[in-house]
Amino acid sequence: MYKCSLCPYRCRLFSIFSKHLIQRHRHEKLFVVRCGYCDCTFSKYESFRKHIFRNHNNETVAEVTEPDVEPELAQDDQEAEHVEQAEYDEEAGHDEEAEQNDPAVLHHLGASFVLKLQTQSNISEKATQDVINNAKELVGEINEINRKKIKQYLTEQGNDINDHILNDIFSCNPFENVDTKAKQESYFKKEMGYVPPKEVILGSRYRVQRGKDNKRRFISKNVVGYYVPFLQSLNSVLMHSEVAAEVLTSHASGDNFMYDFCDGRFFKEQAMFQLDPSSLQILLYYDDIEIVNPIGHHTKKHKIAMFYWTLLNIRPKFRAQLPAINVLGAAKTTDLKTFPLAFELLLTDFISAMTKLNEDGIQVDYGGRRYQKKGQLVLAIGDTPAANVLGNFKESISFAFKKCRSCECTEDNMFQYGQEQQFQMRTEAAHVERCETLDSVSRLARVYWSKKYGINGRSPLMGCPNFLVTKCIPQDIMHVLLEGIVPLEIALMLNALVNEQGHFTVDELNAKIQTFPYSLRWSRNKPDTISMQEITNKKVKQTSSQTWCLCLHLPFFISDNIPEGNRQWQNYIRLVQIVQLSTSFRVNGETVASLRQIIATHNYKFADLYPGSCIPKLHFLIHVPSQIEDFGPARCFWAMRMEAKHNVFKRKKWCNFKNILYSLLTYHQKQICGLIRRGDGGFTTFFLNKPDIVKDGEPITIEGEDELYDILRQGKNLRITLTDQGMSGTETTEIISAGIVYRNNQLILYSNDLPERMVGRVERMLVFGSQKIMILRQLAIADFMHHSNCYLMQETDDYVAVHLQDLWYPWPLISSASRGHEGFLVMMDANYRTEQL
């Protein structure tokens with residue numbers, strides 16, 4: 001039995017199933033198909049077809065020419081095939097033959113073809129128009145040739161047919177509704193849920209223009225930004241069943257850990273979420289991006305302020321997918337700074353939508369029922385300057401007496417204390433009072449008190465119901481740690497260890513960076529080599545992902561070259577533990593307590609080891625533990641994936657900058673439209689969720705493998721029934737699940753039963769239907785190496801079977817063969833607890 005993973009279709013014959021895949025799904029972006037004879041899955045049709053004919057050719061031949069099948073049984077199979085097709089048509093809500101003859105479907109396919117040209121192939125509008133014109137000519141020629149052949153055949157058979165009938169049959173033009181730019185905009189908006197951006201006037205500026213009479217005149221020109229109507233955009237996203245299911249299904253924690261925003265203290269204290277936990281939770285993000293060559297002469301000329309939003313109702317593993325991040329608006333950065341009301345004007349639609357969403361809600365259709373869901377803005381994030389702009393604090397803290405948007409610290413006591421409770425926190429009531437004071441005093445007094453308070457005035461986001469600017473704009477760990485403290489301390493530490501103490505050279509370090517056997521997860525973000533100039537300038541130049549990778553792998557590179565008890569190295573290990581705790585996707589009270597203690601110790605030692613090198617982000621870091629208590633794991637609301645969204649615009653080559661803002665937003669909205677809608681007008685099967693991929697493997701039968709049978713029988717919650725040893729499945733060497741690649745010989749943290757962490761090495765991976773099971777060789781903890789922040793683990797003779805969905809930590813661990821000891825050095829790159837120094 002062949003079952004389509006992209007729609008309800010199913011059939012028994014490969015030829016029919018192959019025809020269905022070609023006609024309906026072959027060119028879908030998230031195409032995936034599972035073999036009906038084994039459990040392998042494929043993301044390309046050609047790979048699936050070759051697999052069938054290489055490994056199951058005999059079975060496909062037997063389907064068509066089975067000598068032992070009686071005619072009555074064959075007739076039953078055909079009838080069953082028709083019944084299954086009818087069930088599919090009823091479940092899918094359409095008739096495949098009728099749709100093939102429906103001009104509307106061809107128009108949808110033509111529109112989808114144009115969308116793919118513009119958003120996936122990144123073809124310009126002029127090139128797209130040329131392709132459409134050439135395709136129309138080609139389709140017309142094919143129709144004319146087929147019309148003549150049909151007429152000739154019917155004439156030879158003695159049947160006379162009216163030319164008008166043939167012309168009607170062969171006159172279909174799939175590009176009829178999308179052959180011009182205006183038609184494309186209209187059709188996408190009406191039939192495919194496209195939400196076009198709208199213009200908003202931010203201000204006006206005068207410029208000199210020479211007229212026809214050669215005289216120069218001052219003319220006023222409007223300065224504009226663009227926004228995507230929020231409620232329309234939200235509605236188009238909620239129409240997809242995957243998003244609606246995520247919104248309506250609670251994923252609150254069922255144990256003592258916090259996994260997402262809905263497990264935090266702030267969520268539980270809000271009246272709206274107490275009444276309806278599935279109310280919409282909206283996160284706003286703001287950042288400036290460059291879409292031109294960063295080393296060219298156009299740098300900063302096209303610096304653009306981008307605003308994104310996402311739903312925190314979506315689980316973190318799906319929220320990390322780029323389609324879950326939507327564009328809210330865009331404007332030139334210089335325009336936002338030039339015109340005082342520009343920021344508020346750009347966000348006017350969003351703020352009014354938040355008020356309406358809080359009062360009336362929005363309709364969500366799912367499973368044949370209609371729900372009314374309210375919502376509110378709960379978090380706004382960005383790097384330090386952008387976050388300060390969102391709250392209308394001083395963008396540059398050097399101009400403010402009170403430096404932090406979370407507390408009342410000053411330059412004198414910013415680094416004097418190491419814990420948050422030692423500072424007076426900002427409160428919303430005091431903030432509102434200060435904003436009112438600034439509005440009521442004279443201009444000179446406003447300048448003084450503005451610097452004193454560290455605020456410019458009332459933030460536009462204060463117009464969003466229940467949004468607290470002093471609390472709901474948290475410190476972002478990606479910018480605080482990976483783009484601030486970590487690269488600084490690595491440079492300072494290397495300067496001490498290389499230049500002052502001489503434990504190793506920069507060339508030796510770079511050699512290890514280049515030759516270390518990174519796992520597949522980290523090899524994509526392999527650090528660049530480090531120059532002596534970077535160390536001298538106190539800034540290691542890496543991307544945030546590369547800095548994360550370097551931070552965690554540095555103990556594997558140089559710990560053997562550094563003597564025990566080295567103060568600079570010990571403090572760096574504390575920083576590694578801070579990164580581990582801060583980036584953990586699972587946290588509890590122990591995480592927060594450990595983080596507070598380690599941060600306080602680290603900051604105190606940092607100031608002592610590197611005098612004059614303290615930066616404000618060291619202070620911002622002390623607010624992270626309480627933000628974890630309020631909003632859940634810091635990893636769930638960091639800017640890492642938002643920064644990745646920038647690449648959607650940076651990867652495309654932009655040649656026309658006349659109205660670049662409109663071009664950016666139009667490109668994105670069409671891309672989202674193509675991801676939500678299929679070519680036939682229906683909704684795509686996969687929008688947030690990525691299907692699992694099982695690499696081509698070997699068939700396996702448990703019969704005769706007594707040891708494997710015993711391991712599986714002793715496994716817990718494997719979701720398979722071991723009735724006998726006749727079970728069959730597939731053994732593979734690679735599985736991709738939720739974007740994570742699993743291969744043999746990787747080390748996996750499969751359980752965290754204290755006092756020991758249960759780690760195993762992947763020996764075999766078995767697939768039984770949709771169930772994926774790992775056979776792990778267990779490792780025993782021999783020691784914890786404080787000097788390298790790693791566990792020394794040794795293999796045992798015990799094996800365990802674990803279901804892929806039950807792994808305690810889903811990513812393979814960082815590991816290396818131990819030098820001087822038997823076994824592996826293993827690091828938990830992110831976990832809720834650490835071994836204290």
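Tutor: V224 is found in strand β6, which covers residues 216-227. Strands (E, at least two residues) and helices (H or I, at least four) are DSSP runs, numbered from the N terminus. Residue numbers start at 1 along each chain as its sequence is written, and side-chain values use heavy atoms, with hydrogens and water left out. The model is predicted, so local features need pLDDT of at least 70 and side-chain atom pairs count only at pLDDT 80 or more, while totals for chains, interfaces and linings use all residues. Here pLDDT is the predictor's confidence in each residue, from 0 to 100. The chain has a mean pLDDT of 87, with 91% of its residues at 70 or more. Over residues 64-100 pLDDT stays under 50, and the model has 39 contacts beyond four places in sequence for that stretch.

Back to V224: its relative accessibility is 19%, so V224 counts as buried. Buried means under 20% relative accessible area, exposed means over 50%, and partly exposed lies in between (1.4 Å probe, protein chains only). Leaving out residues up to four places away in sequence, V224 touches E199, V200, I201, L202 and L661. A contact of this kind means heavy atoms within 4.5 Å. V648 is 424 residues from V224 in sequence and 23 Å from V224 in space, C-alpha to C-alpha.

A342 sits in helix α16, and its relative accessibility is 0%, so A342 is buried. Between A342 and A331 there are 9.0 Å in space, C-alpha to C-alpha, and the two are 11 residues apart in sequence.

Two or more lining residues come from each of β7, α15 (333-338), α16 (342-346), α18 (384-390) and α20 (443-453).

With a relative accessibility of 3%, N388 is buried. Not counting residues up to four places away in sequence, N388 touches F393, K394, E395, I397 and R405.

Strand β7 comes up again around helix α11. Helix α11 (residues 241-248) is largely enclosed by the rest of the structure, because 6 of its 8 residues are buried. The buried residues in α11 are E242, V243, A244, A245, E246 and V247. Their cover includes α10 (230-238), β7, β8, α14 (316-319) and β10 (362-366).

Rings come next. The whole structure holds 33 aromatic pairs. One of them is stacked: Y285 and Y308, at 6.0 Å centre to centre with 10 degrees between the planes. Y285 is in strand β7 (residues 280-290) and Y308 in strand β8 (residues 303-311), 23 residues apart, so this pair links distant parts of the chain. Rings of Phe, Tyr and Trp (its six-membered ring) pair if their centres lie within 6.5 Å; planes under 30 degrees apart count as stacked, over 60 as edge-to-face and the rest as tilted. Y285 is buried, at 0% relative accessibility, and Y308 is buried at 0% relative accessibility.

W548 and W638 form an edge-to-face pair, because their ring centres are 5.5 Å apart and their planes stand at 90 degrees. W548 is in helix α25 (residues 544-558) and W638 in the loop between α29 (624-631) and α30 (640-650), so the pair ties together parts that are 90 residues apart in sequence. W548 is buried, with 7% relative accessible area, and W638 is buried, with 10%. Ring pairs also join F261, F266, F267, F273, F631 and F637 into a cluster.
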